[in-house]
Amino acid sequence: MSVEPISRESAVDQLERRLQEDILGGRYAVGTLLPPERELAARYGVNRNTLKHAFVRLVQVGLVETRHGVGTRVRDFHRLGSADLLPALVVAYPAWLAEVFEVRQSVGALIAVRAATESSPEDHADLRRQVKAVGEAQSVDDAQLADAEFHRLLAVASRNRVYTLLTNTLLNAYLPLRAALSEPFRDAKVAAARLEPLAEAVCARDTPAAREASEAYMAETERLMTAGLTSPS
C-alpha cells in the first residue's frame, strides 16, 4: 500500500489528520488492528514518537484504542467517537454537513435566547463591534472569519460554557470548508445587515426576537451556502 510521506513541519497535526482521513475513509476498517508502529511510522515518513503523540489524540476522540502488547485497534466512532471528529467527518463525508446545519440551527436559537437573557452591556458592545467588523471586511474570507467570531462572542454572552464549547466544535467543522461555503459573505455589507437583527435583539434583551432572528439568519445562510455548493463554478 503506497502512502505519500508527510513533511516534518507540524508532523503530529498532519499525521493525526492523515490517520483520521485514512480510518474514516475505510483504509483501516473498524475492529482491525493498525499495522505495527515501526511499519506505520515508516509508511507515513515520521518517527515513532510522533506516531505515539498522534495516537494519544486519536484515542481522545474515540477513533482508536491502544493496548500494551496487543496494538492499536480502530474503534466504532459512531458509538464511541466524540464531536472532535466532526471536522474530519465533514471533509471525508460531505453529507455530514446537512446534519451540522441542523444542529447549528437548533443550538443557535438556544444560544441567542440565553444571550438575550444573560448578556452584559460589555457583551452588547462586543457584538455590535463585531457586526461592524463583518461589514468592513476587505475580503470574503475576512467577512467569513469575522462572522464566525460574532457567533463565538454570542456563545460567550450566553454565560453557558457548554454552549461556547459546542460553538467551537461547530466552527471547527465549518472553517476548514469555508471556501466552499462563502456565498453569504461575498458582499460584506449585506452580510453585516443580515447579522444585525440578531445582535440588536440580543442587545434589547428581547428573547422572542432573538430566537426569530437567529432562526432566520441560520436558515438564510444555510440556503445560500447550499446554493453555492450546487451552483456551477
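Helices here are DSSP runs of H or I with at least four residues, strands are runs of E with at least two, and both are numbered from the N terminus. The model you are looking at is predicted, so local features need pLDDT of at least 70 and side-chain atom pairs count only at pLDDT 80 or more, while totals for chains, interfaces and linings use all residues. Residues are numbered from 1 along each chain as its sequence is written, and side-chain values use heavy atoms, with hydrogens and water left out.

Let us start with the whole chain. It holds eleven helices and two strands, and reading along the sequence gives the pattern α-α-α-β-β-α-α-α-α-α-α-α-α. The C-alpha trace spans about 60 × 40 × 30 Å along its principal axes. Of the 233 residues, 43% are buried, where buried means under 20% relative accessible area, exposed means over 50%, and partly exposed lies in between (1.4 Å probe, protein chains only). The accessible surface comes to about 12,400 Å², and carbon and sulfur atoms account for 53% of that surface; such areas come from the Shrake-Rupley method with a 1.4 Å probe, and for residues only the protein chains shown count as cover. Among the contacts in the chain with a separation of 6 or more, 66% join residues 24 or more positions apart.

Now find helix 8, residues 140-157, and look at its partners in turn. Two packed helices are described by the angle between their axes and the distance between the axes. The axes are lines fitted to C-alpha atoms, for helices over the stretch in contact, and the angles run from 0 to 180 degrees between N-to-C directions. Angles under 35 degrees count as roughly parallel, over 145 as roughly antiparallel, 65 to 115 as roughly perpendicular, and the rest as oblique.

Begin with helix 7, residues 121-135, which packs against helix 8 at about 170 degrees with the axes 8 Å apart. The pair is therefore roughly antiparallel. Helix 7 brings Asp123, Asp126, Leu127, Gln130, Val131, Ala133 and Val134 to this contact, and helix 8 answers with Ala143, Ala146, Asp147, Glu149, Phe150, Leu153, Leu154 and Ala157. Sorted by class, these are ten nonpolar, one polar and four charged residues. In this sorting Ala, Val, Leu, Ile, Met, Phe, Trp, Tyr, Cys and Pro count as nonpolar, Asp, Glu, Lys and Arg as charged, and the others, Gly among them, as polar.

Next comes helix 9, residues 161-174, whose axis lies 8 Å from that of helix 8 at an angle of about 165 degrees. That angle makes helix 8 roughly antiparallel to helix 9. On the helix 8 side the contact uses Gln144, Ala148, His151, Arg152, Ala155 and Val156, and on the helix 9 side Tyr163, Thr164, Thr167, Asn168, Leu171 and Tyr174. The residues of this contact divide into six nonpolar, five polar and one charged.

Here we meet threonine 167 again. This residue is buried, with a relative accessible area of 8%. Beyond its neighbours within four places in sequence, threonine 167 is in contact with Ile111, His151, Arg152 and Ala155.

Most residues other than glycine have a negative phi, and most peptide bonds are trans. Arginine 159, in the loop between helix 8 and helix 9, has a positive phi of about 60 degrees although it is not a glycine. Its relative accessibility of 42% makes arginine 159 partly exposed. Arginine 205 also has a positive phi of about 60 degrees without being a glycine, and its place is in the loop between helix 10 and helix 11 (207-230). At 40% relative accessibility, arginine 205 counts as partly exposed.

Finally, turn to the loop between helix 4 and helix 5, where glycine 81 is found. Glycine 81 is partly exposed at 32%, and its contacts beyond four places in sequence are Val61, Gly62 and Asp76.

Note on methods. Contact means heavy atoms within 4.5 Å.
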